[in-house]
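Colleague: I would like a close look at one part of this model. Keep it brisk, and give the cut-offs as you go.

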Amino acid sequence: MRIGEVARRVGLAPSAVRWYEETGVLPTPDRTTNGYREYDATDVARLRLLVSLRRLGLPPVDAGRLAGLCLERGGIDLDLAPVLADQRAAIARQRDDLDRLESELLDLELTMAAAGRARRITNVPDSPIRVLFVCTHNSARSQIAEALLARYGGPDFEVHSAGTEATRVNPFAVSVLTELDIDWSGARSKVITEFLDQEFDYVITVCDRARETCPVFPGSQNTLHWGLDDPSEVEGTDEQKLAAFRRTQVEVSARLRPFIEVALRAAGRQPTAAG
């Protein structure tokens with residue numbers, strides 16, 4: 001068969017097939033008496049395997065070598081095992097990144113919907129936007145969220161946090177906030193019953209247990225959920241635990257920035273650059 005037929009079967013342009021051959025990734029096929037390249041089913045199988053391996057992220061040379069070994073010897077060169085392991089790890093990271101991006105997009109969609117409701121019910125446009133963060137123990141995630149929104153949102157926001165159970169503020173939460181020049185040493189863990197008689201523009205649960213316990217908060221028509229992993233559950237050295245809290249701080253910051261802009265616009269205020 002001719003190169004055009006091979007390219008069509010594999011889903012590539014003929015020029016791409018020629019490039020793989022010219023760079024040595026694919027063996028150059030035999031030519032007929034009139035000078036045309038002549039391909040057979042083995043060439044199609046090799047090229048399909050090569051394309052699949054390239055889609056997994058392997059470089060052209062490694063993909064071509066692995067495809068050739070699989071077809072010619074029925075085995076895999078042990079030297080390629082680390083390459084495959086690296087690609088598998090890269091795919092896992094990409095999957096995690098996509099899952100995280102999907103979650104953040106869903107959060108943003110729900111925030112925009114909540115902001116639309118807030119725009120319709122807001123009666124005092126100049127008053128601070130009241131936000132309550134809720135988690136189980138009010139020791140880590142909700143404390144970090146309260147501190148960061150107070151920092152980034154400024155006087156436009158009045159921020160509180162509470163837990164379905166009150167314990168203590170986790171020292172690692174205080175440490176990661178200290179790294180941002182936020183003094184949180186005087187914070188205390190608060191129970192949600194302290195706020196039941198208050199109205200909030202937004203109530204945001206940051207853990208699944210709190211969401212189950214408090215699906216609807218009295219005095220708020222806008223309840224959002226940010227599913228954040230609990231850094232307090234990470235075991236290991238103090239440095240490993242601190243790293244988990246730093247990841248939480250980064251994740252909370254990523255969610256807060258679009259939330260602040262959407263909430264300000266819903267309240268009829270001009271968003272400013274968050275610090």
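Is the crossing of α6 and α7 left-handed or right-handed? And what else meets α6, from the rest of the chain?

Modeller: The crossing of α6 and α7 is right-handed. The term works like this: a crossing is right-handed if the near helix is turned clockwise from the far one, and left-handed if anticlockwise by less than a right angle.

First, the ground rules. This is a predicted model, in which local features need pLDDT of at least 70 and side-chain atom pairs count only at pLDDT 80 or more, while totals for chains, interfaces and linings use all residues. Residues are numbered from 1 along each chain as its sequence is written, and side-chain values use heavy atoms, with hydrogens and water left out.

The chain has nine helices and four strands. Helices (H or I, at least four residues) and strands (E, at least two) are DSSP runs, numbered from the N terminus. Along the sequence the order is α-α-α-α-α-β-α-β-α-β-α-β-α. The chain has 275 residues, and 40% of them count as buried. Buried is under 20% relative accessible area, exposed is over 50%, and partly exposed is in between (1.4 Å probe, protein chains only). Take the contacts between residues at least 6 apart in sequence: 66% of these join residues at least 24 apart. Contact here means heavy atoms within 4.5 Å.

Back to the helix pair. Helix α7 covers residues 171–178, and its axis is 10 Å from that of α6, at an angle of about 25 degrees. That makes α6 roughly parallel to α7. Angles under 35 degrees count as roughly parallel, over 145 as roughly antiparallel, 65 to 115 as roughly perpendicular, and the rest as oblique. Axes are lines fitted to C-alpha atoms, for helices over the stretch in contact, and angles run from 0 to 180 degrees between N-to-C directions. From α6, the residues in contact are Q143, I144, A147 and L148; from α7, they are A173, V176 and L177. By class, this contact has six nonpolar residues, one polar and no charged ones. Ala, Val, Leu, Ile, Met, Phe, Trp, Tyr, Cys and Pro count as nonpolar; Asp, Glu, Lys and Arg as charged; the others, Gly among them, as polar.

Helix α9 also packs on α6. Here α6 (residues 141–153) and α9 (residues 238–266) have axes that come within 9 Å and cross at roughly 45 degrees. That makes α6 oblique to α9. This crossing is right-handed. On the α6 side are R141, I144, A145, L148, L149, Y152 and G153; they meet F245, T248, Q249, V252, S253, L256, R257, F259 and I260 of α9. The class count is ten nonpolar, four polar and two charged.

Residue E239 also belongs to α9. E239 is partly exposed, at 49% relative accessible area.

S161 sits in β2. S161 counts as buried because its relative accessibility is 0%. The S161 side chain makes a polar contact with the E146 side chain, at 2.5 Å. A polar contact is a pair of N or O atoms within 3.5 Å; within protein, one must be able to donate a hydrogen and the other to accept it, and residues adjacent in sequence count only if both atoms are side-chain atoms. Setting aside neighbours within four places in sequence, the contacts of S161 include S142, Q143, E146 and N138.

H160 is in β2 as well, at residues 157–163. Its side chain makes a polar contact with that of E158, at 2.9 Å. Beyond four places in sequence, the contacts of H160 include E146, R130 and F195.

N138 deserves a check. N138 lies in the loop between β1 (129–135) and α6. Its phi is near 50 degrees, a positive value in a residue other than glycine. Most residues other than glycine have a negative phi. N138 counts as buried, with 0% relative accessibility.

D181 lies in the loop between α7 and β3 (202–205). D181 is exposed, at 70% relative accessible area.
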